[in-house]
Amino acid sequence: MSDIDIRHPNRLGLQQTRDAVDQIARKLSEKFGVDYRWVDDALDFERSGVQGRIALDDKDVHVTAKLGFLLAAMKGPIEAEIRRVLAEKLGPAD
C-alpha cells in the first residue's frame, strides 16, 4: 500500500467547493468506475486498487488515499494529477 495525503486551500467556501468536488467525483465515476458517497462534508471514494476521502472545511480540502499494489507504482503521476485538478477547480495552492 502507498498513501497520498494532499491539502489544498479552500478559497471558494464550502458549497462551491462541494459542488466542484462533486463534479470531479462524477467524472471519475464515469471514466474509471469509481464509487463515491458524501458523508457530511467528506466524499468517500473507492474502486479496485484505491480507497480514499476528500474532506472539506472552511480552510482547506484534504485528499487522502490508499493505493493498492498496482497503483502504488503510479503514485507520483496520480498525486500530480490530483494537484493539477485541485488547482484548476479551486484555484492555485499559493
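Select Ser 2 to begin: leaving aside neighbours within four places in sequence, Ser 2 is in contact (heavy atoms within 4.5 Å) with Ala 65, Lys 66, Leu 67, Ala 72 and Lys 75. Ser 2 lies in strand β1 and counts as buried, at 14% relative accessibility. Buried denotes under 20% relative accessible area, exposed over 50%, and partly exposed in between, with a 1.4 Å probe and protein chains only.

The model is predicted: local features need pLDDT of at least 70, side-chain atom pairs count only at pLDDT 80 or more, and totals for chains, interfaces and linings use all residues. Residues are numbered from 1 along each chain as its sequence is written, and side-chain values use heavy atoms, with hydrogens and water left out.

Next, colour the chain by secondary structure. It has three helices and five strands, in the order β-α-β-β-β-β-α-α along the sequence. Helices (H or I, at least four residues) and strands (E, at least two) are DSSP runs, numbered from the N terminus.

Now select Leu 43, Phe 45, Ile 54, Val 61, Val 63 and Leu 86, which touch the most other members of the 17-residue largest nonpolar core. Such a core is a set of buried Ala, Val, Leu, Ile, Met, Phe, Trp, Tyr and Cys residues joined through side-chain atoms within 4.5 Å. Two or more residues of this core come from each of β1 (2-9), α1 (14-32), β3 (42-47), β4 (50-56), β5 (60-67) and α3 (75-90). Strand β5 contributes the most, with four residues.

Centre the view on Val 61. Not counting residues up to four places away in sequence, Val 61 touches Ile 6, Arg 7, His 8, Asn 10, Thr 17, Ile 54, Ala 55, Leu 56, Leu 86 and Leu 90.

Is Asp 40 buried or exposed? Asp 40 is exposed, with a relative accessible area of 68%. Its phi is near 55°, a positive value in a residue other than glycine. Most residues other than glycine have a negative phi.

Finally, display the whole chain. The C-alpha trace spans about 35 × 25 × 20 Å along its principal axes. Buried residues make up 35% of the 94 residues. Among contacts between residues at least 6 apart in sequence, 51% join residues at least 24 apart.
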